[in-house]
Amino acid sequence: MDVEREIISIIAEVSGFETEEISMNSSLEDLDIDSIRAIEITVALEKKFKISIRDEDVPEMRTVKAAIDKVNQLLNG
Amino acid sequence: MDKTIVSDKYDAIIIGAGIGGLVCGCYLANAGLRIMLLEQHHKPGGYCSSFRRNGFIFDAAAHSLGSFREGGHLHKIFKDLSIYDSVKVKRSDPSNMIFTPDHNISIWNDINKTKKELSALYPKEKNNIDNFFDYILNIKGQDAIKVRNKTFLDVLEMFFTDKRLISILSIPLLGNGGLPASKMHAFTGISIYSEFILDGGYYIDEGMQKLPDALSKYISGKKGTVLLSRSVERIICDKGSVQGVVLNNGDVMYSNVVISACDAHQVFTRLLDGYEVSHGLENKLIQMEPSLSAFILYIGLNDKLKGALHPGTNIWHLPHYNIEDIYESLSNDSFAEQKYFLYRISPDKNTIQLLVNTSYRNADYWNENKERIQETLINHLENIIPDLRNHIKHVETATPITLAKFTRNYRGSAFGWAHSVEQLFDVDFNIRSSIKGLYLTGHWTAKALGIPGVAYVGSATAKLIMMKDNIMYKQTA
Ligand SMILES: Cc1cc2nc3c(=O)[nH]c(=O)nc-3n(C[C@H](O)[C@H](O)[C@H](O)COP(=O)(O)OP(=O)(O)OC[C@H]3O[C@@H](n4cnc5c(N)ncnc54)[C@H](O)[C@@H]3O)c2cc1C
């Protein structure tokens with residue numbers, strides 16, 4: 001499973017941006033994602049990858065890259 | 001039937017004139033888009049509509065509104081679209097009452113009064129009651145993160161120990177979302193409380209139909225068209241992008257943006273060609289649970305009932321404190337016998353609507369059992385309103401089959417996909433679908449329910465489409 005592509009596609013679903021418009025460095029704020037929708041993305045990631053992100057790590061996931069790193073870390077760790 | 005011009009191309013086509021589709025249409029029309037809204041029924045509104053019978057006006061399904069405080073979703077939409085004058089909203093106080101085996105509990109417009117009365121009944125829980133309501137009304141940040149995978153029962157148990165109080169506070173969820181607290185997502189429970197219960201009890205003086213009528217008029221007053229008695233039978237796609245729709249009369253209408261504001265199940269299983277829907281999604285559609293449907297009794301009264309009847313208030317009848325048992329029984333034969341129901345006497349005291357959530361069953365089942373269920377429910381009501389039968393001039397029922405027929409909601413579902421922990425925020429039922437140009441809105445977007453919820457999602461869908469097309473979203477506020 002291509003983790004990066006899956007994550008960008010989930011963020012695209014929630015934000016409404018096309019996947020091509022989302023880059024590794026996009027912040028959730030750039031994508032007009034407020035705190036509730038950020039939680040929505042977290043829930044979607046947890047369901048998709050069957051992982052459990054620690055509560056205190058959720059606010060840290062402010063960019064696409066941070067989200068990808070976190071998921072990779074949990075999948076490989 | 002008059003033929004529509006088939007070669008016409010619209011900026012957006014919307015399927016379904018429920019509140020979700022109508023609000024979305026209003027915002028798009030307001031931005032100057034040419035939109036075509038198609039509704040299969042002969043009037044707009046979906047579950048938010050009224051009908052006339054024997055001189056009475058009945059609300060068909062939804063009968064009260066929430067989130068109308070300054071800054072509430074519905075309030076903002078009324079303001080943005082300037083429909084205050086055509087839709088007169090009033091509020092009943094108390095908005096809700098819960099008749100338990102031990103007490104009658106009121107939810108007042110003044111939350112402090114509610115807290116005070118509840119604390120007097122459950123003195124040991126006084127501080128917890130205060131903390132619970134503060135939490136519900138102010139949740140954000142880390143508190144929200146903490147409960148993102150929790151049920152509303154988990155939330156209730158964070159605050160309370162008294163099992164009876166927990167059951168009482170769970171009842172509005174069963175009625176407004178069709179799930180017990182043990183199955184409902186914490187977020188949905190919190191928004192039911194903040195939008196429908198603590199900011200609830202609003203109603204439209206001349207019947208709910210006024211709202212969809214005003215929204216339709218708004219669209220027609222701009223570059224939009226609302227066509228009634230036209231059902232969409234197919235969504236045309238080419239290489240994964242939508243191209244338009246085919247109607248029941250054979251007309252074809254084109255647009256690169258199609259918004260499904262109707263039951264998502266029919267969209268993915270019937271309106272789209274099989275190859276457009278991935279295997280993963282096909283399997284998902286088999287597994288996803290719709291919310292419960294409802295059995296509704298509409299009663300017309302011959303003269304004004306007397307006594308302390310609390311007209312306009314949603315009254316929940318809780319026969320005992322085992323919510324799990326009540327929930328289980330809603331899907332079996334004895335759902336009417338167990339005395340859990342909601343009723344509301346209209347503010348003018350001319351009509352009563354009684355409602356029990358129940359599961360979908362085939363037409364034969366309802367034909368055989370409808371009358372028995374109707375009589376059972378009237379008997380229950382007569383225990384609360386003595387001599388009721390002598391005041392009844394008209395009575396009729398709607399079953400899950402009736403709801404499915406008039407709105408085409410899958411299995412007569414009252415609130416779209418069930419808002420369980422497993423299903424909320426499901427990515428396959430987001431506003432943006434996996435097919436280019438196809439959007440979902442309304443209560444099948446696995447994230448909203450009820451009129452304030454679908455109105456909010458309707459506006460969010462419009463905003464998203466405009467953002468993509470670089471159209472200024474007019475913020476009238
Ligand atoms: C009995 C009952 C009581 C309720 N009470 C309340 C309440 O008091 N307050 C509250 O806030 N909420 C209440 N709800 C929930 C609320 O009514 C719904 O969540 C909300 O109205 C759904 O709006 P919607 O626009 O998503 O869908 P709908 O109202 O279902 O609208 C969908 C529309 O699409 C049309 N359609 C479907 N298929 C097609 C097609 N192929 N082509 C063209 N048109 C199509 C339908 O005819 C319908 O008009 C209640 C629901 C029920 C069933």
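**Exercise 1.** How far from an oxygen atom of the ligand does a polar side-chain atom of B:Glu39 lie?

*Solution.* This is a predicted model, in which local features need pLDDT of at least 70 and side-chain atom pairs count only at pLDDT 80 or more, while totals for chains, interfaces and linings use all residues. Residues are numbered from 1 along each chain as its sequence is written, chains are lettered from A and ligands numbered from 1 in the order in which they are written, and side-chain values use heavy atoms, with hydrogens and water left out. The polar side-chain atom of B:Glu39 lies 2.5 Å from an oxygen atom of the ligand, which falls under the term polar contact (a pair of N or O atoms within 3.5 Å; within protein, one must be able to donate a hydrogen and the other to accept it, and residues adjacent in sequence count only if both atoms are side-chain atoms). The backbone also takes part, with a polar atom of B:Gly46 at 3.4 Å from an oxygen atom of the ligand and an N or O atom of B:Gly450 at 3.0 Å from one.

**Exercise 2.** Describe the shell around the ligand.

*Solution.* Start with the cover: the protein covers 98% of the 1000 Å² of accessible area that the ligand has on its own, by the Shrake-Rupley method with a 1.4 Å probe. Next, count the residues near the ligand (one heavy atom within 4 Å): there are 38, and among those that come nearest are B:Gln40 and B:Asn409. Finally, the element that gives the most to this shell is α15(B), with four residues, helices being DSSP runs (H or I) of at least four residues.

**Exercise 3.** Work out how chain B meets chain A.

*Solution.* First, the contact (heavy atoms within 4.5 Å) takes 20 residues from chain B and 23 residues from chain A. Second, the two chains bury about 1900 Å² between them, 53% of it on carbon and sulfur atoms, where buried area is the accessible area (1.4 Å probe) that two parts lose on being put together, summed over both. On the side of chain B, the residues that lose the most area to chain A are B:Arg148, B:Phe425 and B:Arg432, together 33% of what that side buries. Third, the interface holds four salt bridges, each a side-chain nitrogen of Lys or Arg within 4 Å of a carboxyl oxygen of Asp or Glu; one of them joins B:Arg148 to A:Glu46, with the closest N and O atoms 2.8 Å apart.

Technical notes:
Helices (H or I, at least four residues) and strands (E, at least two) are DSSP runs, numbered from the N terminus.
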